[in-house]
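Me: Before I rely on any label attached to this protein, I would like to see how each one is reached. Could you go through them with me, setting the value against the cut-off each time?

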Amino acid sequence: MPGLGQHQGGLPVLRQRAGERRGYSLRPLRFDTRAGRRSLRPILVIQDTTEFSFQREHPEKIGQTVRVNSGQDEEGRFRMHIVCGLLMHASLAVTTEGLPLGLGAVKFWTRTKFKGTAALKRKINPTRVPIEQKESVRWLENLRRTTELFGDPGRCIHVGDRESDIYELFCLAQKMGTHFLVRTCVDRLALGGDTTVDAVMDEVAVQGVHAVAVRNGKGHLDTAKVELTYRSLRILPPVGKQKRYPALSLTVLHARECDAPADRPRIDWKLLTDLPVLSNEDAIEKLRWYSVRWKIELFHKILKSGCKAEEARLRSADRLVKLIAVYCLVSWRVFWLTMINRSAPDIDAGIVFTEREQKILDFLIPNKAPTAPGSNTLGIYLTKVAKLGGYLARGCDPPPGNTVMWRGMSRLIDIALGSETAPQLVGN
């Protein structure tokens with residue numbers, strides 16, 4: 001994994017409107033992402049940012065992420081608390097079914113000063129600040145790196161939440177010949193500039209109704225009916241950037257729940273893409289692709305809950321970056337094992353496990369019935385790993401999740417290491 005944890009020129013400082021940051025620019029993580037080239041199906045590249053918080057005696061050696069309100073003191077004055085930590089922006093490549101292929105790009109940074117964007121917005125219009133002076137340039141950098149890594153821009157569809165609603169990102173995607181699907185939060189100028197996207201979409205008639213499975217406030221499965229409206233529009237850049245960026249022809253897709261439920265938030269998605277949406281089937285497909293975005297949230301959960309990245313005791317940002325980069329590999333592999341068990345359980349177990357690991361699993365968890373040599377598939381061995389992690393494998397149980405796979409793999413690695421070293425220690 002070359003280049004991880006390295007930064008250029010010591011600790012460079014890039015001044016920006018929201019504060020100052022120290023950047024750790026990493027080359028793309030190159031593991032298993034190229035495997036997706038064997039198929040002509042689209043590859044979803046999901047981008048998102050997460051924070052790692054730490055408690056240190058010398059927090060200046062790491063930096064800070066944000067300044068938050070810690071409550072009020074006895075006199076009613078607000079106390080502000082500075083959080084020590086790192087920020088990570090990752091691009092996770094997945095199939096349209098949600099199988100993680102690997103990380104295309106990862107960027108770490110930490111701030112040395114935080115002025116607060118709310119106060120700055122009263123003095124400066126953010127749309128008039130060049131993207132290169134903002135932290136949001138990370139979205140463009142990761143799009144560029146992942147697109148170059150795959151070498152097939154037309155197959156990549158970059159997916160992001162409302163934070164990725166950046167006009168410069170749309171223009172860069174068009175320039176590089178790749179695609180995007182983002183949830184929009186900005187009511188941009190449309191058509192000739194005398195109206196906005198929301199005003200135009202309010203006049204578009206409902207073109208279809210789609211039923212989706214959701215969970216209510218108590219975690220129980222429910223069915224929601226969403227109304228679909230979509231239209232191709234001419235979108236204009238912000239007023240302060242119209243001389244620098246051209247107008248774009250994009251597709252606006254709205255999915256809004258018919259009735260507001262009482263036990264959960266109402267579904268109201270406003271998506272923006274450069275892909276054509278010509279039918280209800282196309283619209284449902286784009287909604288399904290965007291719903292895969294939550295896979296990167298699971299990846300972050302494995303990083304923090306499984307690898308316990310925030311419990312690391314390293315004292316400097318450089319060392320933490322290197323450690324978390326290694327954890328990214330481990331987290332991806334656990335995530336991949338969990339999902340490959342659901343999508344391709346019948347493939348050869350040797351793709352994942354060595355002969356020694358298979359023998360260990362057969363010894364610890366024998367098959368209930370005799371099987372022919374070589375007939376054990378990957379799904380069988382992954383279930384055995386999950387059992388090491390506490391999975392009961394009852395007929396009514398769902399497929400094993402990331403937590404039991406993490407525990408099982410940890411035990412398997414320890415047992416395999418012990419089996420290799422034990423003969424040397426006892427002299428056999």
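Predicted model: local features only at pLDDT ≥ 70, side-chain atom pairs only at ≥ 80, totals over all residues.

Me: Why is serine 91 called buried?

Reply: The relative accessible area of serine 91 is 0%, and buried means under 20%, so serine 91 is buried.

Me: What makes arginine 315 count as exposed?

Reply: Arginine 315, placed in the loop between helix 6 (295-306) and helix 7 (317-343), has 63% relative accessibility; the label exposed requires over 50%, and therefore arginine 315 counts as exposed. Arg315 also belongs to a patch of positive charge on the surface, where Lys61, Arg313, Arg319 and Lys322 gather with it.

Me: How do you know that arginine 244 forms a salt bridge with glutamate 132?

Reply: The closest N and O atoms of arginine 244 and glutamate 132 are 3.0 Å apart, and a salt bridge requires a side-chain nitrogen of Lys or Arg within 4 Å of a carboxyl oxygen of Asp or Glu, so the pair qualifies. Arginine 244 lies in the loop between strand 12 (221-235) and strand 13 (248-257), and glutamate 132 in the loop between helix 1 (117-121) and helix 2 (137-150), so the pair ties together parts that are 112 residues apart in sequence.

Me: Why is lysine 270 with aspartate 198 also called a salt bridge?

Reply: Their closest N and O atoms are 3.6 Å apart, and because the limit is within 4 Å, this pair is a salt bridge. Lysine 270 lies in strand 14 (residues 268-273) and aspartate 198 in helix 4 (residues 197-202), so parts 72 residues apart in sequence are tied together.

Me: How many salt bridges does the structure hold, and which residues are linked in a network of them?

Reply: The structure holds 17 salt bridges, and Asp48, Asp161, Arg293 and Glu297 are linked in a network of salt bridges.

Conventions
Residues numbered from 1 in each chain as written. Heavy atoms only, no water. Patch = residues over 30% accessible without salt bridge, like charges linked within 9 Å, V, L, I, M, F, W, Y side chains within 5 Å. Areas by Shrake-Rupley, 256 points an atom, 1.4 Å probe, with all protein chains shown as cover. Lys, Arg positive; Asp, Glu negative; His and termini not counted. Charge placed at Lys NZ, Arg CZ, Asp CG, Glu CD. Helix = DSSP H or I, 4+ residues; strand = E, 2+ residues; numbered from the N terminus. Buried < 20%, exposed > 50% of the residue type's maximum accessible area, 1.4 Å probe, protein only.
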